[in-house]
Amino acid sequence: MIKDIATPARTREILDKHGFSFKKSLGQNFLIDTNILHRIADHADITSETGVIEVGPGIGALTEQLAKRAKKVVAFEIDQRLLPILADTLSPYKNVSIIHEDILKADVRKVIEEEFADCKEIVVCANLPYYVTTPIIMKLLEDRLPLQRIVVMLQKEVADRIAASPSTKEYGSLSIAVQYYTEAKTVMSVPKTVFVPQPNVDSAVIRLERRNSPQVQVQNEDYFFQVVRGSFVQRRKTILNNLMQTLPDGKARKPLIEQALAEASVDPRRRGESLSIGEFAVLSEKLNELLAPE
Ligand code: SAM
């Protein structure tokens with residue numbers, strides 16, 4: 001009978017055996033609660049035909065649960081010191097490959113093509129290193145990888161921002177960027193006590209389900225995201241003021257920005273946080289029409 005990696009006693013035994021010391025700079029907070037790990041893996045809806053990508057396997061606590069459910073697991077780990085430990089802890093699981101690489105530098109598309117050709121769907125499931133949660137999620141989404149869903153643990157505060165609705169204080173350009181590509185939902189809150197060492201912040205698990213097509217249709221995605229980011233630059237300012245400040249030549253072209261707002265039926269005194277993604281899409285189209293260089 002294989003003992004779970006994630007019990008407090010077994011984790012301590014593994015860490016002691018290999019003389020491992022945590023690196024705070026790499027966001028190393030390992031899970032030591034098997035029940036929580038089961039629940040995270042359950043939320044990822046993995047079947048025996050699923051290929052799973054994990055970011056940061058640590059000593060393999062979550063990897064083990066993924067390997068038991070999936071056809072195949074590929075895990076990216078940046079810390080070389082963990083490789084011999086993973087080779088040891090995951091030796092019973094023949095469907096796991098570890099890639100020693102920074103996920104932000106990795107060619108994930110190529111790995112998918114090479115490793116998951118025989119899988120029906122691909123899912124990302126991870127307990128993310130908290131110092132880079134947003135860049136990792138944005139990389140996975142912006143690269144338009146063929147991922148069915150992303151189920152990850154991250155800081156609760158970031159999860160709240162990602163899943164936020166308009167007119168809340170959490171709603172901002174991150175909510176829009178993620179919800180443009182996926183349906184975002186916080187599925188679990190996780191207490192600090194299930195980690196070693198315990199992080200300073202509360203945690204949550206978020207589930208991002210791929211949309212078949214983006215939530216709104218825009219001609220120029222880069223411009224759409226520029227308008228969105230620009231509208232939140234100073235949250236307390238009106239959308240008109242923020243756009244005048246952030247769009248190229250914005251001040252000189254105030255009348256055109258006002259015209260675009262009017263044509264998009266957006267009151268210029270509103271704040272960015274009150275606009276839905278649909279309203280931002282219409283507005284960015286109008287601005288693009290009126291302000292784009294000839
Ligand atoms: N999955 C393990 C668990 O749940 O116990 C460990 C999670 S720990 C929060 C984050 C892991 O990500 C660590 O193993 C860390 O070394 C690794 N890591 C940090 N930055 C990384 C990066 N840029 N690319 C890949 N792995 C990274």
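**Exposure, backbone and surface charge**

Me: Is serine 265 buried or exposed in this predicted model?
Reply: The relative accessible area of serine 265 is 61%.

Me: In which loop is the place of serine 265?
Reply: Phi of serine 265 is near 55°, a positive value in a residue other than glycine. Its place in the chain is the loop between α11 (254-263) and α12 (277-291).

Me: How does arginine 144 count at 42% relative accessibility?
Reply: Arginine 144 also has a positive phi, near 50°, and sits in the loop between α6 and β6 (149-155). Buried requires under 20% and exposed requires over 50%. At 42%, arginine 144 therefore counts as partly exposed.

Me: With which side chain does threonine 133 make a polar contact?
Reply: Threonine 133 belongs to helix α6 (residues 133-142). With a relative accessibility of 2%, threonine 133 is buried. At 3.2 Å, its side chain makes a polar contact with the side chain of glutamine 155.

Me: Which residues form the negative surface patch?
Reply: One of the members, glutamate 113, is located in helix α5 (residues 108-115). Glutamate 113 counts as exposed because its relative accessibility is 55%. The patch consists of Asp107, Glu113, Glu142 and Asp143.

Me: What is omega of the cis peptide bond from valine 196 to proline 197?
Reply: Proline 197 is found in the loop between β8 (195-196) and β9 (203-210). The cis bond joining valine 196 to proline 197 has omega near -15°.

Notes. Residues are numbered from 1 along each chain as its sequence is written. This is a predicted model: local features need pLDDT of at least 70, side-chain atom pairs count only at pLDDT 80 or more; totals for chains, interfaces and linings use all residues. Side-chain values use heavy atoms; hydrogens and water are left out. Patches are made of residues with over 30% relative accessible area and no salt bridge: like charges are joined within 9 Å, nonpolar side chains (Val, Leu, Ile, Met, Phe, Trp, Tyr) within 5 Å. Accessible areas come from the Shrake-Rupley method with a 1.4 Å probe; for residues, only the protein chains shown count as cover. A salt bridge is a side-chain nitrogen of Lys or Arg within 4 Å of a carboxyl oxygen of Asp or Glu. Lys and Arg count as positive and Asp and Glu as negative; His and the chain ends are not counted. The place of a charge is taken as NZ of Lys, CZ of Arg, CG of Asp or CD of Glu. Helices (H or I, at least four residues) and strands (E, at least two) are DSSP runs, numbered from the N terminus. Buried means under 20% relative accessible area, exposed over 50%, partly exposed in between (1.4 Å probe, protein chains only). A polar contact is a pair of N or O atoms within 3.5 Å; within protein, one must be able to donate a hydrogen and the other to accept it, and residues adjacent in sequence count only if both atoms are side-chain atoms.
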